[in-house]
Amino acid sequence: MAGEPPEFVAAVTSLRAAALRPEVFCEEMPAPQRIAPFATALSADVTVDDEDVATGRLVLLHDPAGNEAWNGTFRCVAYCRAEIDLALAADPMLAHVGWTWLTDALGSHAASYTALSGTVTRVTSEGFGAMADDGGSAQLEVRASWTPVDAPELDPHVQAWAELLCTAGGLEPVPEGVAVMPSRRGQRGAGL
């Protein structure tokens, strides 16, 4: 990490230190290079009974000079995608519920933020012709970004993002007071 500002190095260290549920497999991935002077990224899959139920990415951007649109020097950019029941996709409140999953997760992990923005998208597909027997499918996608107020202590933000993935994937929340066991981070490729 030569040449990287100490606050960015501390933020990356904090990202790597986040304790995640064992269903969450998280590893580093290449970060976008042109959005900010410094960036790092994580990808994660939530797996239950050998089936991936949600996937996502979390990108941390850092501009030591600050960014007026971010209202700060750091920005978290998150993505979550999960398969959902086709009937649920028709619920007019689905987008609001998906957004609440994110804000509740940030709140439950005491991840302080400002300038939160994003979208919730539902995607439905129906097969025709040779694929007619496949039936329909639906996915929920949450895209969001926020400025972490508590940077460089970002492990609560990683934990909130992982909770969003788990909730979207249909996992029950971990009861308060129950310790989270370490995840399988780094088993595929260059891990954390």
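This is a predicted model: local features need pLDDT of at least 70, side-chain atom pairs count only at pLDDT 80 or more; totals for chains, interfaces and linings use all residues.
A salt bridge is a side-chain nitrogen of Lys or Arg within 4 Å of a carboxyl oxygen of Asp or Glu.

The protein contains four helices and six strands. Read from the N terminus, these elements follow the order α-β-β-β-β-α-α-β-β-α. The protein has 192 residues, of which 39% count as buried.

A search of the whole structure finds three salt bridges. Side chains of opposite charge can pair when their charged atoms come close. Arginine 16 counts as partly exposed because its relative accessibility is 35%. Glutamate 28 also counts as partly exposed, because its relative accessibility is 26%.

Another salt bridge is formed by glutamate 23 and arginine 21, whose closest N and O atoms are 3.1 Å apart. The relative accessible area of glutamate 23 is 23%, so glutamate 23 is partly exposed. Arginine 21 counts as buried, because its relative accessibility is 16%. The cut-off that applies to arginine 21 is 20%, because buried means under 20% relative accessible area.

The aromatic rings were examined next. One aromatic pair is found in a search of the whole structure. The pair consists of phenylalanine 8 and phenylalanine 38; the arrangement is tilted, with 5.7 Å from centre to centre and 40° between the planes. Phenylalanine 8 is part of helix H1 (residues 6–17), whereas phenylalanine 38 is part of strand E2 (residues 38–48). The two residues are 30 residues apart, and their pairing links distant parts of the chain. Phenylalanine 8 and phenylalanine 38 are both buried.

Charge on the surface was also considered. A patch of negative charge is made up of Asp49, Asp50, Glu51, Asp52 and Glu83. One of these residues, glutamate 51, is located in strand E3 (residues 51–67). Its relative accessibility is 51%, so glutamate 51 counts as exposed. The cut-off matters for glutamate 51, because exposed means over 50% relative accessible area.

Glutamate 83, another member of the patch, is 87 residues from glycine 170 in sequence, yet the two C-alpha atoms are 9.2 Å apart in space. Glycine 170 is found in the segment after H4. With a relative accessible area of 56%, glycine 170 is exposed.

The backbone was then examined for particular angles. Most residues other than glycine have a negative phi, and most peptide bonds are trans. Asparagine 71 has a positive phi, near 60°, and is not a glycine. This residue sits in the loop between E3 and strand E4 (72–84). Asparagine 71 counts as exposed because its relative accessibility is 53%.

Alanine 110, likewise not a glycine, has a positive phi of about 55°. The loop that holds alanine 110 runs between helix H3 (94–108) and strand E5 (113–126). Alanine 110 has a relative accessibility of 57%, so this residue counts as exposed.

A cis peptide bond, with omega near 10°, leads from alanine 151 to proline 152. Proline 152 is in the loop between strand E6 (136–148) and helix H4 (155–168).

Notes. Residues are numbered from 1 along each chain as its sequence is written. Side-chain values use heavy atoms; hydrogens and water are left out. Patches are made of residues with over 30% relative accessible area and no salt bridge: like charges are joined within 9 Å, nonpolar side chains (Val, Leu, Ile, Met, Phe, Trp, Tyr) within 5 Å. Accessible areas come from the Shrake-Rupley method with a 1.4 Å probe; for residues, only the protein chains shown count as cover. Lys and Arg count as positive and Asp and Glu as negative; His and the chain ends are not counted. The place of a charge is taken as NZ of Lys, CZ of Arg, CG of Asp or CD of Glu. Buried means under 20% relative accessible area, exposed over 50%, partly exposed in between (1.4 Å probe, protein chains only). Rings of Phe, Tyr and Trp (its six-membered ring) pair if their centres lie within 6.5 Å; planes under 30 degrees apart count as stacked, over 60 as edge-to-face and the rest as tilted.
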